[in-house]
Amino acid sequence: MPFPPINPNLSGPVLTQRIPCWPYADPKGRHIVSYEEYTRPGPHGAGYESLRKAIGMKPDAVTEEVKKSVLRGRGGAGFPTGLKWTFLPKLKTSEAGQEDDPGQRYLAINADESEPGTFKDRLLMDFDPHLMLEGIAICCYACRIKTAYIFIRGEYHHQAKVLENALREAYANGIFGGNGLLNGANTARGGAFKVDCYVHRGAGAYICGEETGLLEALEGKRGWPRIKPPFPAIKGLFGKPTIINNVETLAHLPSIIHHGAEWFMKQGKVSTFPNTPPSHGTKLMGVSGHVNRPGVFELELGITLRQLIEDPGLCAGMRNGKKFKGAIAGGISMGILGPDQMDAEMDFDIGRKNNVLGLGTACPTVFDEDTDMVAVARNIARFFKHESCGQCTPCREGSGWLYQLLTRIEGGDGRTKDLDLALEIATSMGSMPGTTICGLADGNNWAVRTIMNKYRSEFEKRVKPTSVAVKMTVGAGAR
Amino acid sequence: MPWISKNSAGNAVEKRAEPYLTPQMRSHLSQHIVPRYEQKMGALLPCLHEIQHAYGWIPGQAMLEIAEFLAIKPAEVIDTASFYEEYWLKRKGKHLVSVCRSIACEFCGQPGITQAVKDALGIDVGETTDDNEFTLIELECLGSCGSAPAILIDETLHENVKPEQIAGLLDAARKAGAHH
Ligand SMILES: Cc1cc2nc3c(=O)[nH]c(=O)nc-3n(C[C@H](O)[C@H](O)[C@H](O)COP(=O)(O)O)c2cc1C
Ligand code: SF4
Ligand code: FES
């Protein structure tokens, strides 16, 4: 049966309109988009014209439009963006219509992208940095934020340079700094509104992608996540109200402002669950692993994993004609989609429908029939053991324990009881069971648990009955 | 507690006469970087990056200088510096070879890449060659999963790497000279 058309509600790409991606164009033609190129007219308006439109609106009207579109965060949690912005402290307006000074507030742009399997924000930063800069400016205006920090992971050396250059161009053209947004243009808020934007480089710690760990790193501290509440919108960076949004989330803002919320709401799909927010718009989906054509594709939410893998316009099938065995749902923290879950729809309901944690970053890593799922579980457990920040005992100790157990099972020295033990440890760690501060432990929990449950027989084949003596590899001698 | 070495408490910081945080660095940082942050300590990661980039590692003396420069405690600098993997508190080789070992890379050929580097350099993961030219490490996802396996040599990313390319890539890095 042929697949339905790709992106049925759109005539072309949105986020990747200037970045060639399959099925629209050959990625070979990619280049860094300059300020000059960015400001040329295009199907979603000329660059920085959405910012001009936004500052012609009252800030709350901009927030309202974003809220209406139900744009949901692209960083992993899928929280509705406009709603998050409304959690900032309310400002009073004088009789004359002049709004109170908002004081210092911050925007932290999450460009930490360190979730294994995820490489989508990088595409935007590699080639079209002004798109996210325009999104940043729009967000800052809507939220009355004067200072924005782009927190980019340390290993993205090249991307940090591209962003620094783009920022220089944006400053030189009066977008940031100077007299205010767009060369001090008058805003509907009254007067000019000045925003500064800086790049802040991380230094190799996955946990700084967690929003409060990120704030700690911006303050110069170790990236230990904070206990919430207070939420960052009330008390965030340096104790001031702070919004944290993902790169891709912000990159959606210019087109939403240009076309309006209704346009965005025509894409993607609504939820089939009652009282559940919809999955509107396109999403960057980065596919890696055993497919013919891995890469980043911009797709309307709701496309099936099967179409993503098999459509000749997208990944063009499994590598070497092998059979599909499973796929990490969207970054390793989300858990795995099993061999019978290829028809899973890639939208924000994926978790509830398929027994995974959620859509995550929508970047699946695909495995073929020859893959050793015990090794996959061990690889993932090693990641979490390595990246646990160490604050919470269940996460710090549990992650090390799981890794050692899985190493032992992989090496053929595990015992049947180890399987139950591993599942018990996994199940007991996380912010959802209520035993840890942040979601890193939930990721570990879901990844290990779903792999062990969906490929149970592979694990059983590797272990020895509990009565058989095995070599102990726990402690200093462990790998 | 075997992991606390006998002398650690009394270890003096190795000192040299010229500062690591040079006057040029200080003026660049205090003009352009420190003012970006509401509190001076916000500039700590940028300061550490500056030292790491210039020397390839972060000597104890440099941390003391940063503490004085930002008016914070040396313990605060060490607390932060020791948390982040990119900061080397011990000397490493002139070139750093970082092989991604995360999910997409491991299952798309990374073990062969690590092996090729080990063979070419005669060292294990975590070690430095005797001539101090190369240090080999494995790290987590580099954000190149769609073009796995990926390795970072100094600040340059190489994607879709094949074991037979390793010797050539290492040679090129050696010829390019020291680069932190
Ligand atoms: C352990 C952990 C790591 C995370 N890493 C990232 C990351 O690298 N990038 C990102 O955008 N969000 C990451 N998040 C999610 C952020 O905490 C936060 O939800 C997100 O940045 C909010 O932006 P959004 O609403 O625009 O998605 C991570 C969360 C956790 C618990
Ligand atoms: S859950 Fe793990 S990573 Fe998160 S704060 Fe606790 S110890 Fe740190
Ligand atoms: S898994 Fe190696 S680059 Fe992502």
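The legends below accompany close-up views of a predicted model.

**Figure 1. Domains of chain A and the contact of domain 2 with domain 3.** Chain A is divided into domain 1 (27-91 + 102-266), domain 2 (277-368) and domain 3 (373-462). Between the C-alpha centres of domain 2 of chain A and domain 3 of chain A the distance is 23 Å, and their contact draws 11 residues from domain 2 of chain A and 10 residues from domain 3 of chain A. On the side of domain 2 of chain A that touches domain 3 of chain A, the residues comprise six nonpolar, five polar and no charged.

Figure 2. Because domain 1 (27-91 + 102-266) and domain 3 (373-462) of chain A both give residues to the shell around ligand 1, the ligand lies between them. The shell holds 23 residues, of which A:G73, A:G75, A:G209, A:T249 and A:G439 come nearest. Strand β4 (residues 242-246) of chain A supplies the largest share of this shell, namely three residues, and by class the shell around ligand 1 contains six nonpolar, 11 polar and six charged residues.

**Figure 3. An open, mixed sheet in chain A.** Five strands of chain A, in the order β8-β7-β11-β9-β10, form an open sheet whose pairing is mixed. Its edge strands are β8 (295-300) and β10 (336-337) of chain A, each of which pairs on one side only. Strand β9 (residues 324-328) of chain A is joined by two bridges to β10(A), and the two run antiparallel; A:I328 stands opposite A:I336 in β10(A).

**Figure 4. Two residues of chain A with positive phi.** Most residues other than glycine have a negative phi. A:V70, in the loop between α3 (59-69) and α4 (81-85) of chain A, has a phi near 50 degrees, a positive value in a residue other than glycine. A:V70 counts as buried because 20 C-beta neighbours lie inside 10 Å. A:R144, which is not a glycine, has a positive phi of about 55 degrees and is found in the loop between α6 (129-143) and β2 (147-152) of chain A. With 20 other C-beta atoms within 10 Å, A:R144 is buried.

Figure 5. Most peptide bonds are trans. In chain A, a cis peptide bond with omega of about 5 degrees joins A:W22 and A:P23, and A:P23 is placed in the segment before α1 (35-38) of chain A. In chain B, the peptide bond from B:A148 to B:P149 is cis, with omega near 0 degrees, and B:P149 belongs to the loop between β2 (134-139) and β3 (151-153) of chain B.

Conventions. Residues are numbered from 1 along each chain as its sequence is written. Chains are lettered from A and ligands numbered from 1 in the order in which they are written. This is a predicted model: local features need pLDDT of at least 70, side-chain atom pairs count only at pLDDT 80 or more; totals for chains, interfaces and linings use all residues. Two strands pair if DSSP finds at least two bridges between them. Helices (H or I, at least four residues) and strands (E, at least two) are DSSP runs, numbered from the N terminus. A residue is near a molecule or strand if its C-beta atom, placed from the backbone, lies within 6 Å of it. Ala, Val, Leu, Ile, Met, Phe, Trp, Tyr, Cys and Pro count as nonpolar, Asp, Glu, Lys and Arg as charged, and the others, Gly among them, as polar. Domain bounds come from an automatic or database domain assignment. Two residues are in contact if their C-beta atoms, placed from the backbone, lie within 7 Å. A residue is buried if 20 or more other C-beta atoms lie within 10 Å of its own, exposed if 12 or fewer, and partly exposed in between; C-beta atoms are placed from the backbone.
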